[in-house]
Amino acid sequence: MLNKIVLRCVFVFIMVHYGFAAYATDDARPDSVMRLQADDFLRSMPTGLQQLQSSAIVKAMSGDTGDLERVRESRNTVQQISENVTARMLSTDYRLYEHKDRVDRLQPLLIYFHGGGWTFGSINSCARFCNAMAATGEVKVLAVDYRLAPEHPFPAGLDDCIAALDYAIDNASSLNIDPERITVGGDSSGGNLAIALALSACRPGVPESLLLFYPVTKAFADGSASWLTYGSGYGLDAEIMEVFNSAYTIGSDPRDCRISVGLCDSQTLSELPRTLLVAAGRDILSDQGKEFAQKSCGRVKRVEFPEAVHLFITVVGQDCAFDKAVALSLSFITDVCSGID
């Protein structure tokens, strides 16, 4: 079994390295490791959890934030850091992950925005992935805490993400990062923020690339096949996704292209930096990501894990998908020659 997993990981590396625009991995069998892990993960999810979270967000939208604060706190657990990694707070909102032997070496930077439907999540909730990337010794990672909805709806969170990019560029020398090799990334709502940042960035060539995991590209019920098929019981339900969308877009039009980035036309999306989008096949957001990649005129390289479900980057339980995602991400960030022309 281990040899098969290794071979699959090598296959993934080759496909990304040589620039295939989009493909699905070979884990679509009912008995695949990725399928079995995802199914176990889904069975382990507490019954009614998303309904409770939805209720907490709705209450917060009416001014009662107590339940939502408790949800946020439950997801703000400090994660263990690898022995070869240092994680230091640069401010209350920025944490820099570095390999201990590479602190003084000039390296690429990944600026990472956590998921959580724009309403919860933190630099702790994305720590597992940030740590894994820094532990490779090939990239530094800046995790960002941005303001959350519904108290701070659009564009507050996006403004904070743009400020984080400006901070990294302005402090590139002291942080020992290459300002010409900055990748911006995120999962789910964090991926949405990364795309919106790239579309609004004013500095030519910055960010150099985007790294996205199952991003939200439409902040409304899209009615797609994946929305209808995986809208309940697959890690991200339609009910809570609609609540997320409502909380983030208070006072704004959900179809604003700075929010629903997937509504941008092909010409606009063709101006994105080179982009890797890693998708879960059994995910309510899967079809959004497909359409987004198809409209990008080849700028977005979409890789699908057919049997994975939402949350494989941030929540423990889908180790095969997580490990493959780390390998893909590292290859994409460090091998600029594999970019899309």
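**Labels and their grounds**

Visitor: Why is Glu151 called partly exposed?

Guide: This is a predicted model. Glu151 has a relative accessibility of 32%; buried requires under 20% and exposed over 50%, so Glu151 counts as partly exposed.

Visitor: What makes Glu151 and Arg72 a salt bridge?

Guide: Their closest N and O atoms are 2.8 Å apart, and the cut-off is 4 Å. Glu151 sits in the loop between β5 and α6, Arg72 in helix α4, so the pair ties together parts 79 residues apart in sequence.

Visitor: Is Arg72 buried or exposed?

Guide: Arg72 has 12% relative accessibility; the limit for buried is under 20%, so Arg72 counts as buried.

Visitor: Which partners does Arg35 have in salt bridges?

Guide: One is Asp39, at 3.1 Å from N to O. Asp39 and Arg35 both belong to helix α2, 4 residues apart, about one turn of the helix. Another is Glu307, with closest N and O atoms 2.4 Å apart. This second pair links distant parts of the chain, since Glu307 is in strand β9, 272 residues from Arg35.

Visitor: Which residues make up the network around Arg35?

Guide: Salt bridges with shared partners join Arg35, Asp39, Arg282 and Glu307 into one network.

Technical notes. Residues numbered from 1 in each chain as written. Predicted model: local features only at pLDDT ≥ 70, side-chain atom pairs only at ≥ 80, totals over all residues. Heavy atoms only, no water. Salt bridge = Lys/Arg side-chain N within 4 Å of Asp/Glu carboxyl O. Helix = DSSP H or I, 4+ residues; strand = E, 2+ residues; numbered from the N terminus. Buried < 20%, exposed > 50% of the residue type's maximum accessible area, 1.4 Å probe, protein only.
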